[in-house]
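Open your viewer and get ready to click along. Each stop on this tour tells you what to select and what you will find there.

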Amino acid sequence: MTIDQLKQQYNTIFNQEALETYFCPGRVNLIGEHIDYNGGLVMPCAINFGTWMLLSPNEDNVFRFRSVNFDETFDIGVQTAYEKTGSEWYNYPLGVLHHFVEAGKRVQGLDILYYGNVPIGSGLSSSASIEIATAFAFNQFFKSDYTKLELVIMAKSVENNFIGLSSGIMDQFAVAFGEESKALMLNCDTLHYQAVDAYLGDNILAIINTNKPRKLAESKYNERVEECAQALNALQQELSINNLCDIDGDIFKQYGHLITDAIVHKRARHVIEENDRVKLAAAALAAHNLTEFGRLMYASHKSLKNDYEVSGDELDTVIEYSRTDNSVTGARMTGAGFGGCAIAIVKADAFETYSQNLISFYTAKIGYAPSVYATHISDGVHELVG
Ligand code: GLA
């Protein structure tokens with residue numbers, strides 16, 4: 001769908017022209033998985049898939065949220081508070097609207113059209129994308145004076161308090177602050193970050209969507225968050241720390257015995273070792289050492305599979321194939337897991353062959369095909385002018 005087609009659709013649906021158009025990307029995380037809610041380091045980047053949002057004010061004092069993808073509209077008047085209704089897509093923009101009005105920001109009715117090409121529920125942050133698109137657009141249109149970081153914190157709160165997922169800040173941060181060809185080295189405790197060159201040499205970043213329906217992902221995600229809280233509690237008996245990522249693998253070897261539950265112990269080991277891996281990965285990237293970066297990606301996947309137990313046959317099959325293909329430097333699941341997507345660093349000139357061979361291997365084993373994309377690391381949320 002082109003912008004012109006979207007504008008055309010907007011005219012047809014709302015009988016007026018769209019005054020403003022925004023784009024917010026989705027994201028992948030290169031390394032540092034299930035780290036953000038443990039106060040450690042992550043390395044996400046924004047991608048060239050995302051959400052477009054077109055808007056104009058209306059005279060009716062009504063918010064009309066319309067989605068091209070779902071072919072449905074949700075209308076609601078200007079109110080002083082909003083509540084989540086069902087589990088529909090419009091709860092994300094509704095949650096953002098709730099935060100604006102709750103903070104006393106002046107709003108007025110808008111006709112809004114969304115279109116997204118981030119595969120929904122694939123772990124590429126389609127929800128953070130629609131949240132940040134909406135928060136950024138409202139902030140600009142209503143002149144609400146939030147900083148970008150405040151919008152990120154607000155969108156995280158939408159996810160945690162309005163939607164009910166105990167997620168960390170990585171996704172919202174990545175889609176807001178992303179930069180072309182850069183990875184964001186974000187410290188999720190201090191929220192300090194550095195945009196580092198995502199050196200890929202003669203490779204491209206491939207995204208492999210397992211196309212596995214993500215059942216129970218939310219409750220399992222919240223369960224992991226809870227297990228990490230238990231691990232932290234146990235360590236705090238002797239260590240004065242605020243986050244699991246405040247210690248490294250060596251200290252964990254000394255104090256890990258404080259965690260008596262074997263499962264909780266495994267979860268903590270993943271988190272702490274993964275955080276150490278991000279530091280090594282940053283150094284490898286800076287030194288243009290993709291071989292080492294790839295090794296760390298495979299190690300990350302193994303830990304997510306065995307210790308954190310958030311992978312699955314589908315993601316493991318993608319990694320299993322990738323390991324046998326010598327055009328691949330590294331591969332791992334990305335995002336929350338439980339299905340969703342993997343990423344791989346693949347020689348650009350071998351991408352088509354990789355893609356075809358992976359599709360055959362995966363289909364033979366899993367029974368349906370994955371989708372494979374070559375992606376481009378892109379800018380974060382912005383207004384599209386012209
Ligand atoms: C989801 C969450 C993020 C993060 C990742 C796992 O994408 O929204 O906050 O925890 O899972 O790294």
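Which element gives the largest share of the lining of the second largest pocket? Select β9: this strand supplies 3 residues, the largest share. Keep in mind as you look around that this is a predicted model.

Now show the whole lining of this pocket: S181, D197, A198, L200, N203, I204, L205, T375, H376 and I377. By class, that makes 5 nonpolar, 4 polar and 1 charged residues. The pocket's volume is about 160 Å³.

Four strands form an open sheet in the order β10-β11-β9-β12, with antiparallel pairing. Click on β10 (328-334) and β12 (371-375): they stand at the edges with a single partner strand each, so one side of each has no neighbour in the sheet. From one strand to the next, the twist averages 25 degrees.

Zoom in on β10 and β11 (residues 341-347), which pair over 6 bridges. Here you can find R332 opposite I343 in β11.

Two helices come next. Select α9 (residues 290-306), which packs on the sheet and touches β9, β10 and β11. Then pick α11 (residues 351-366), lying across β9, β10, β11 and β12 and running at about 160 degrees to β12.

For the last stop, go to the largest pocket, with about 1100 Å³ of space. Select Y92, G121, S126, S127 and E218, which lie nearest its centre among the 50 lining residues. Finally, colour α3 (126-141), the helix giving the largest share of this lining, 4 residues. By class, the lining has 20 nonpolar, 21 polar and 9 charged residues.

Definitions and conventions:
Residues are numbered from 1 along each chain as its sequence is written. This is a predicted model: local features need pLDDT of at least 70, side-chain atom pairs count only at pLDDT 80 or more; totals for chains, interfaces and linings use all residues. Side-chain values use heavy atoms; hydrogens and water are left out. Two strands pair if DSSP finds at least two bridges between them. Axes are lines fitted to C-alpha atoms, for helices over the stretch in contact, and angles run from 0 to 180 degrees between N-to-C directions. Contact means heavy atoms within 4.5 Å. On a 1 Å grid over the protein atoms alone, a cavity is a set of points where a 1.4 Å probe fits but cannot get out, and a pocket is an open set with protein on both sides within 12 Å along at least five of seven lines; lining residues have an atom within 4 Å of a point. Grid points are joined across faces, edges and corners, and a volume is the space filled by probe spheres set on the points. Ala, Val, Leu, Ile, Met, Phe, Trp, Tyr, Cys and Pro count as nonpolar, Asp, Glu, Lys and Arg as charged, and the others, Gly among them, as polar.
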